[in-house]
Every structure is written in C-alpha cells, then in structure tokens.
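User: I have a new model open and would like a walk through it. Can we start with the terms and then go to the details?

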Amino acid sequence: MIALVDTAGNRLYCTPNYSFLGDPEKMAGTDSFIDIHPEDKERIKNIFFETVRTGIGQSTQYRLVLRDGSIKHIQSQGIAVKAADGRVEKVIVVSRDITEARDAVPQPDAMTLAT
C-alpha cells in the first residue's frame, strides 16, 4: 500500500490496496490518522511530524481500526519528499498488512508471563 500525504497529515493519494478502509479515490483530503487505533495514534503522529520536521523517514508498526471494528496490524515506512530548497513538501508512506504474519506467531499472554 502506498499513500502520498501532505505535511499536515492529509491524504493526497492512496493506492487501490487501501480499499479495506473505503474507496481510495474518495480518501484524498482526509485525515490519514483517523483510522489509527486510539492507543497508537499519538505515537504515530509524533513519528510522522518528526519525519516532516527532520526529513528523515522512520519505520514503525501500529494498528488500524476498520469500520467493522476489526484490527489490522500495519508496518509503515515514511519517506520525505523534499522541495529544491530542502523543505519537506510531502511524505510517501509505504505500508504492508502484517496481521497474518503477526497472528501466526504465538503472542505471550498474562498467564505465560506470570510463570
């Protein structure tokens, strides 16, 4: 999945792979943080705005909440797009759904951690 985002975090373009969040053609101008899990949202915003400030993209993992309430685990890499003067104009976000891979690995539960 590839998205082009302005420096305020608004989507300018999303590839068709984003259809699990809605119609990608209608996503232009929408807040790219709106579908991020509430527990991850502030951290992801901080990472995004650090990329805008420094021009250095970062890789991170987070959760998206779909319309039906289900969760997708996502891994994303931000890439700053700079103007001729070096100022960040946009950010390309390359993402992949890692839900299946993550679910295939047993996650420790409270009982396991207690022993």
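Analyst: Helices (H or I, at least four residues) and strands (E, at least two) are DSSP runs, numbered from the N terminus. K82 is found in strand β4. This is a predicted model, where local features need pLDDT of at least 70 and side-chain atom pairs count only at pLDDT 80 or more, while totals for chains, interfaces and linings use all residues. Residues are numbered from 1 along each chain as its sequence is written, and side-chain values use heavy atoms, with hydrogens and water left out.

User: How many helices and strands does the protein chain have?

Analyst: The protein chain has three helices and five strands. Their order from the N terminus on is β-β-α-β-β-β-α-α.

User: Back to K82: what is its relative accessible area?

Analyst: K82 has a relative accessible area of 46%, so it is partly exposed. Buried means under 20% relative accessible area, exposed over 50%, and partly exposed in between (1.4 Å probe, protein chains only). Of the 115 residues of the protein chain, 34% count as buried.

User: How far apart are the C-alpha atoms of K82 and V52?

Analyst: They are separated by 9.5 Å, with K82 and V52 lying 30 residues apart along the chain.

User: Which way do β4 and β5 run, parallel or antiparallel?

Analyst: Strands β4 (residues 71-82) and β5 run antiparallel and are joined by nine bridges. Two strands pair if DSSP finds at least two bridges between them. Strand β1 (residues 2-6) is also antiparallel to β5, with five bridges.

User: What stands opposite V91 in β5?

Analyst: A80 does. V91 is also the bridge partner of V5.

User: And the hairpin of β4 and β5: how many residues are between the strands?

Analyst: Five, and G86 in that hairpin takes a positive phi near 90 degrees.

User: New topic. Which residues form a nonpolar patch on the surface?

Analyst: I2, I79 and V94 do, with about 220 Å² of accessible area together. Patches are made of residues with over 30% relative accessible area and no salt bridge; like charges are joined within 9 Å, nonpolar side chains (Val, Leu, Ile, Met, Phe, Trp, Tyr) within 5 Å. A salt bridge is a side-chain nitrogen of Lys or Arg within 4 Å of a carboxyl oxygen of Asp or Glu. Accessible areas come from the Shrake-Rupley method with a 1.4 Å probe, and for residues only the protein chains shown count as cover.

User: Where does V94 lie?

Analyst: V94 lies in strand β5 (residues 88-97). Its relative accessibility is 35%, so V94 counts as partly exposed.

User: How many aromatic pairs are there?

Analyst: The count comes to four aromatic pairs. One of them is Y18 and F20, which is stacked at 6.4 Å centre to centre with 20 degrees between the planes. Rings of Phe, Tyr and Trp (its six-membered ring) pair if their centres lie within 6.5 Å; planes under 30 degrees apart count as stacked, over 60 as edge-to-face and the rest as tilted.

User: Y18, buried or exposed?

Analyst: Y18 is buried, at 8% relative accessible area, while F20 counts as partly exposed at 22%. F33 and F48 form an edge-to-face pair, 5.5 Å centre to centre and 80 degrees between the planes.

User: Where do F33 and F48 lie?

Analyst: F33 lies in the loop between β2 (11-14) and α1 (38-54) and F48 in helix α1, so the pair ties together parts that are 15 residues apart in sequence. F33 is buried at 4% relative accessible area, and F48 is buried at 9%. Ring pairs link F33, F48 and F49 into a cluster.
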